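Please keep the sequence and the structure in view while reading.

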Amino acid sequence: MEQILANGVYLGSQYAMIALGLTLIFALMNVLNFAHGQMYVIGGFVTYTFYGQWGVPFVLALVMSCVTLAILGALIEKFLFAPVIKGSAREESTMLLAAGIAFFLDAVILLVFGEKQRGVPKIVDGVFNWDFRIIMPYDRILICLLAILSIVAFIGLMQYTKTGRALRALAQDRTAAQLMGVNVDRYSMIGFALGAMLAGLVGGLLVTITGVNLGMGGPTSIKAFMMVMIGGAGVISGAIWGGIILGFMEAIGLALLYQYGDITYLLIFVSLMIFLAIRPQGLMGKPWG
Amino acid sequence: MFGFSSKQLIGVGLFLFAIFIGVPLVIGATGRWDFYFTLTSVALLAIASAGVWLTFYIGRINIGQGAFALIGAYVSAILVVKAGWSFWISLPAAGLFAAVVAVLIGLPILRLRGVYFAMITLVLTQVVTLTALALPVTNGAKGISNIPLPSGISVFGIPILPDFAAMENTKLAFYYTACIIMILTYAALYRLVNSRLGHLCRSMQQNEELASSIGVNIAYIRIVIFAISSFFGGLGGAMFGSIAQSVYPSSFQVADSVNFMLNCFLGGLGYVFGPMLGTLVLYFGWDLLFEFGKYQMLIYSTILIVIIRFLPNGLLSIRFGKGGDK
């Protein structure tokens with residue numbers, strides 16, 4: 001049981017980070033970012049290149065992942081999303097753009113990094129063993145702690161800095177924020193860059209454990225959508241709860257039902273649909289977000 | 001005639017001429033027989049996309065058409081292989097079954113709106129794929145293969161539909177069948193959009209509360225529309241299974257559901273024939289770019305991004321300008 005809980009915390013902290021970036025972008029621009037999973041994969045590959053291939057210290061490689069994705073996110077927002085949002089009759093057109101970007105990033109990943117599964121050397125060796133009740137490699141514990149630390153840092157940024165305040169204002173009411181003197185265009189770009197950066201950071205963290213490959217993008221996006229739905233779209237605390245809940249459900253389901261294969265996911269999906277039918281806005285979302 | 005302008009009639013006439021006579025002539029002249037399969041696929045995907053377009057018409061983003069296409073494909077395959085039905089009866093049965101499932105699922109989930117509905121339909125595709133893997137009747141990951149070709153139908157000894165298995169050129173037969181079903185689908189869609197129900201749908205697309213407050217039974221209409229939409233999905237899926245002669249849980253996945261939605265977006269959400277054009281451009285374009293090998297995806301996605309960047313309201317918006325026709 002302790003082992004299952006520990007796995008749940010570990011999965012949940014990673015998932016929460018992925019969901020945070022997605023929900024941030026959604027809250028700011030009402031864009032369902034289909035390319036989120038691909039951004040995560042790129043983050044993983046950047047860390048792999050710097051840390052695994054060129055021997056740069058891990059922390060520096062992580063920073064490189066963040067910087068790359070932040071720049072990429074900012075460019076995508078400025079030159080693609082912003083003009084399309086301005087020019088389209090229906091907001092949903094951005095979904096086509098997001099899907100196009102997802103295809104594009106997939107193609108770029110395929111050309112630059114190839115389709116092989118890539119892994120990097122462990123950052124810390126050894127396994128934590130508590131009486132055979134909890135067995136967990138040290139690197140997983142470290143990554144889990146780093147993930148929790150980044151989530152705390154992100155919340156701090158959103159709550160206590162001027163940028164964070166502007167972003168929250170933007171998420172609440174775009175027009176009102178503009179009238180209060182928030183530079184909407186600039187902060188949309190910063191917000192998108194921040195969301196993409198979070199995806200890159202998780203990618204960089206997880207490459208040390210699960211490795212990274214081209215096919216991970218799509219499934220990651222779907223999982224992130226689910227977490228956002230559980231918690232409520234566009235709500236930051238909701239994304240964290242969604243991540244933790246999905247992490248625990250997976251950990252428990254895989255432990256109890258491992259002999260039935262994919263039944264765990266079927267159960268998770270079905271219970272999610274029932275949950276949403278009863279509470280459409282998720283745990284903490286505004287109705288009809 | 002029937003309230004159509006002569007311009008419209010000429011347009012429809014040219015279109016019918018092109019797909020029934022023009023295309024076979026061109027393919028015969030160039031010898032690209034593989035295009036039959038591509039164009040048949042386009043026609044079938046366009047049927048399913050028409051359903052997605054219809055849900056857009058009541059203001060819902062539907063990323064779950066892959067689920068209904070998969071349901072349709074399985075129902076038809078099981079009826080033909082295990083129950084020994086004729087394919088031509090299993091085809092509407094598959095559509096109806098998909099529609100019934102849509103009503104049952106739609107009752108709770110159609111209350112959702114915006115991204116919530118979009119994401120739950122996305123999850124629905126996963127649910128159906130995983131269910132197909134888990135159920136015994138669908139044969140799990142092995143799927144159902146060796147589905148016989150559609151048999152002939154005759155009434156009182158007069159053959160109405162020929163036996164596909166006895167035919168030399170099944171490609172051409174499937175092409176015509178798919179095109180006829182596609183034309184019927186779009187005719188039905190056009191009729192529906194220009195009917196009283198279509199007006200009610202437009203009122204819902206703009207503002208559901210307002211529509212409801214002036215007496216539109218929105219709960220009823222959205223179920224009906226979702227059922228029709230899924231009927232198209234089931235129809236397209238069943239036909240696809242019959243052409244491929246096999247169905248697997250991976251026949252229709254999340255990516256397919258997303259593609260159905262993209263077809264509608266690309267063609268333009270404001271135009272009945274938008275999804276048809278969108279499907280043609282997306283699917284045929286992908287096929288044509290095959291010659292670029294490993295750069296296929298890169299070029300394809302770049303074109304997609306450029307189109308949406310400069311024509312955010314869909315391809316058909318060039319012709320009609322802003323606002324435009326429906």
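The points below are grouped by topic. The model is predicted. The largest nonpolar core has 202 residues.

**The largest nonpolar core**

- Among the residues with the most contacts inside the largest nonpolar core are Ala19(A), Leu20(A) and Ala98(A) from chain A, as well as Ile71(B) from chain B.
- The most residues given to this core by a helix, 15, come from α2 (residues 34-57) of chain B.
- When residues up to four places away in sequence are not counted, Ile71(B) touches Phe97(B), Ala98(B), Val101(B), Val128(B), Gly234(B) and Gly237(B).

- Helix α3 of chain B, which covers residues 65-81, contains Ala77(B).
- Ala77(B) counts as buried because 29 other C-beta atoms lie within 10 Å, and the cut-off for a buried residue is 20 or more.
- Apart from neighbours within four places in sequence, the contacts of Ala77(B) are Ile144(B), Ile147(B), Gly241(B) and Val247(B).
- Between Ala77(B) and Ser213(B) there are 44 Å in space, C-alpha to C-alpha, and the two are 136 residues apart in sequence.

**A pair of helices in chain B**

- In chain B, the axes of helix α6 (residues 170-193) and helix α9 (residues 218-244) cross at roughly 180° and come within 12 Å.
- The helices α6(B) and α9(B) are therefore roughly antiparallel to each other, since angles over 145 degrees are counted in this way.
- Where these helices meet, α6(B) contributes Phe174(B), Ala178(B), Ile181(B) and Thr185(B), while α9(B) contributes Phe232(B), Leu235(B), Met239(B) and Ile243(B).
- The residues of this contact between α6(B) and α9(B) comprise 7 nonpolar, 1 polar and no charged.

**Regions of chain A listed in UniProt**

- An unreviewed UniProt entry lists several stretches of chain A under "transmembrane region", including residues 15-35, 96-113 and 224-249.
- Residues 96-113 of chain A are 100% helix and 0% strand, with 25 Å between the end C-alpha atoms.
- Residues 224-249 of chain A are 85% helix and 0% strand, with 14 Å between the end C-alpha atoms.

**Two residues with positive phi**

- Asn30(A), a residue other than glycine, has a positive phi near 60°.
- The loop between α1 (2-29) and α2 (36-53) of chain A holds Asn30(A).
- Asn30(A) counts as partly exposed because 18 C-beta neighbours lie inside 10 Å.
- Gln245(B), also a residue other than glycine, has a positive phi near 55°.
- The loop between α9 and β4 (246-247) of chain B holds Gln245(B).
- Gln245(B) has 13 C-beta neighbours inside 10 Å and therefore counts as partly exposed.

Methods:
Residues are numbered from 1 along each chain as its sequence is written. Chains are lettered from A and ligands numbered from 1 in the order in which they are written. This is a predicted model: local features need pLDDT of at least 70, side-chain atom pairs count only at pLDDT 80 or more; totals for chains, interfaces and linings use all residues. Helices (H or I, at least four residues) and strands (E, at least two) are DSSP runs, numbered from the N terminus. A residue is buried if 20 or more other C-beta atoms lie within 10 Å of its own, exposed if 12 or fewer, and partly exposed in between; C-beta atoms are placed from the backbone. Two residues are in contact if their C-beta atoms, placed from the backbone, lie within 7 Å. Axes are lines fitted to C-alpha atoms, for helices over the stretch in contact, and angles run from 0 to 180 degrees between N-to-C directions. Angles under 35 degrees count as roughly parallel, over 145 as roughly antiparallel, 65 to 115 as roughly perpendicular and the rest as oblique. Ala, Val, Leu, Ile, Met, Phe, Trp, Tyr, Cys and Pro count as nonpolar, Asp, Glu, Lys and Arg as charged, and the others, Gly among them, as polar. UniProt positions are given in the numbering used here, feature names are shortened, and annotations may be inferred rather than shown by experiment. A nonpolar core is a set of buried Ala, Val, Leu, Ile, Met, Phe, Trp, Tyr and Cys residues joined through C-beta atoms within 7 Å.
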